[in-house]
Amino acid sequence: MFTFARRARPGLAALAAACFTATLTAPTLAGGDPMPWRTDLTPKDRGRVAKVTAAPKAFTAPEPFEPMPGGATTNTRVFGRDAFSQFSGNLDFAGEESFKLGNGLFRRLWVSSPSSTQAADGLGPLYNSRACQNCHLKDGRGHPPEGGDAESFLMRLSVQGSDGVDRPHPVYGGQLQDLAVPGFPAEGRISVTYEERPVTLADGTVVSLRAPTYAVTDLGFGPMGEETRMSPRVATPMIGLGLLEAVHPGDIEALADPDDADGDGISGRVNRVVDDRTGAIVLGRFGWKAGQPTIEQQSAHAFFGDMGLSTPLMTAAAGDCTRAGQPACFDLPTGVQERLGAFEVPQDVLDLVVFYSRNLAVPARREVDDPEVLRGKELFHASGCAACHQPKFVTRRDAAEKELAFQLIWPFTDLLLHDMGEGLADDRPEAEASGREWRTAPLWGLGLTKAVNGHTYYLHDGRARSVLEAILWHGGEGEAARDAVAGLDEADRRALIRYVESL
Ligand code: HEC
Ligand code: HEC
């Protein structure tokens, strides 16, 4: 037997903080309402939602709806190479058409200006890749730099000001672009070397973890300076993002426990970031440090930083080029066409890319009723994984699209930041995330990484080569869970990993 530590109900402070988001009205702590912040639901529905999202009590059989982690949007048909490229299962015909148009734009290879293909030019001058899909390979995840190929990988850059705030590097900008248009120097090349660090588990099994060291060579614009802070990141999988966007902010705030009031050793903090459109401070949920609030904003930053393309949200056609260090960048031709508007990527194109990104379906679970998988599920809860990898939410009724609304989803993330210890630290803050904090990575679809991407490299920089290595890197707030796994015997360890791989 084990007791699953339920997370504390939010204190008044947390609820007050929740009022940051305009969608929440003043909370009423009226008699027993389990989720007063869910003003999108009737009181009766709140009761139902609280019940269906409660932790499981038995592990002898799957829970109702467990095989369908994306609710009605779940992909129930395709589990091979294209497992992450299916559209929401409940899209109507018009939605399917928009998805296909968005897919074309996600795969579009942008070219530098001037060019005869006017609707697809404007790439660069500095860029990391010519297409969204080249990093989000098969709508799945990227990999660490390998033999000169660092395309599905990014190195974010910043320098701390005297006021303690990190800003983009004065010369190299917010990230290192390792490609540039013809005749213009790229910023540099990223490579990685690993040091093997053996870890001995309780049963004597030795697992080797590889600790990365990054190097930037062939710098195009002079030395970067010792004070530069770098954060390495592989491209994230693209599945289920619209559902994550539709998780009610109040549900995320309710899981936060910044001062560890319940004393379980796990705090969990919300990242708060700027909404580019309104200037308001809102809850962050996308990216490895939850540094972006919406899929639209994350996508606009990708067009801007990764490809050097302007959108109505990020309006500079020269992308991440800096005036101070790369002035010649601003004299190069841009892809802005009078007849198409003021930006290289107009709003309707951005809208289609966002629609596509919102509707990549999460695959159905496999082997959900296998006894070993169910045993693994029990161990997942008993080891404390679910304290961060929050299994269930019910999305808001007033979601951006009806298909994404009021779905019981199983993302296995609380979308909160956790201190993961020195081993995983990048020592580079992002909005309110510290240099040791990362957003709990969603685990849905994780077991199909091999089928889709041909590898099993996990964590923010792809350093882990297996699920077990990923777990053994957990430190800080995740250390107790890590130790619990390191203490399991072989059969239980196998069951836990099989469960994670069935997600
Ligand atoms: C150079 C590689 C690269 C390219 C090109 C790229 N991305 Fe990404 N993408 C990433 C990385 C790396 C992250 C994680 C970013 C972070 O942690 O800050 C990411 C994160 C995201 C996320 C957040 C997903 C999540 O789980 O939080 C979305 C959405 C996204 N990208 C959309 C796009 C779109 C749309 C495009 C094309 C306009 C694009 N990306 C192009 C590398 C890339
Ligand atoms: C304190 C919160 C916390 C706990 C507890 C925790 N995790 Fe995590 N987990 C994270 C965070 C944060 C990340 C992302 C870390 C990174 O990329 O550097 C992560 C990443 C992972 C990944 C890699 C995901 C990916 O997309 O690359 C796996 C697998 C994983 N966790 C499994 C587990 C398992 C199994 C347990 C229980 C033994 C567990 N975690 C316990 C917070 C936690």
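Predicted model: local features only at pLDDT ≥ 70, side-chain atom pairs only at ≥ 80, totals over all residues.
User: How do the axes of α7 and α8 cross?

Analyst: Helix α7 covers residues 295-307 and helix α8 covers 347-358; their axes come within 9 Å and cross at roughly 120°. That makes α7 oblique to α8.

User: Left-handed or right-handed crossing?

Analyst: The crossing of α7 past α8 is right-handed.

User: Which residues meet there?

Analyst: From α7, Ile 295, Glu 296, Ser 299 and Ala 300; from α8, Leu 350, Val 353, Val 354, Ser 357 and Arg 358. By class, this contact of α7 with α8 has five nonpolar, two polar and two charged residues.

User: Switching to the sheet. What's the order of the three strands?

Analyst: The order is β3-β2-β7, in an open sheet with antiparallel pairing. The edge strands, each pairing on one side only, are β3 (166-167) and β7 (229-234).

User: How many bridges join β2 to β3?

Analyst: Two bridges join β3 to strand β2, residues 153-160. Arg 167 in β3 is the bridge partner of Val 159.

User: Now ligand 2. Which residues come nearest?

Analyst: Cys 385, Cys 388, Tyr 458, His 460 and Glu 477 come nearest, out of 27 residues around ligand 2.

User: And which helix gives the most to that shell?

Analyst: Helix α11 gives the most to the shell around ligand 2, with three residues. Both α11 (467-473) and α12 (479-486) supply at least two residues each.

User: What classes do the shell residues divide into?

Analyst: The shell around ligand 2 has 18 nonpolar residues, eight polar and one charged.

Technical notes: Residues numbered from 1 in each chain as written. Chains lettered and ligands numbered in written order. Axes fitted to C-alpha atoms, helices over the stretch in contact; angles between N-to-C directions. Helix = DSSP H or I, 4+ residues; strand = E, 2+ residues; numbered from the N terminus. Parallel < 35°, antiparallel > 145°, perpendicular 65-115°, else oblique. Left-handed = near helix turned anticlockwise from the far one by under 90°. Contact = placed C-beta atoms within 7 Å. Nonpolar A, V, L, I, M, F, W, Y, C, P; charged D, E, K, R; others polar. Pairing = 2+ DSSP bridges. Near = placed C-beta within 6 Å.
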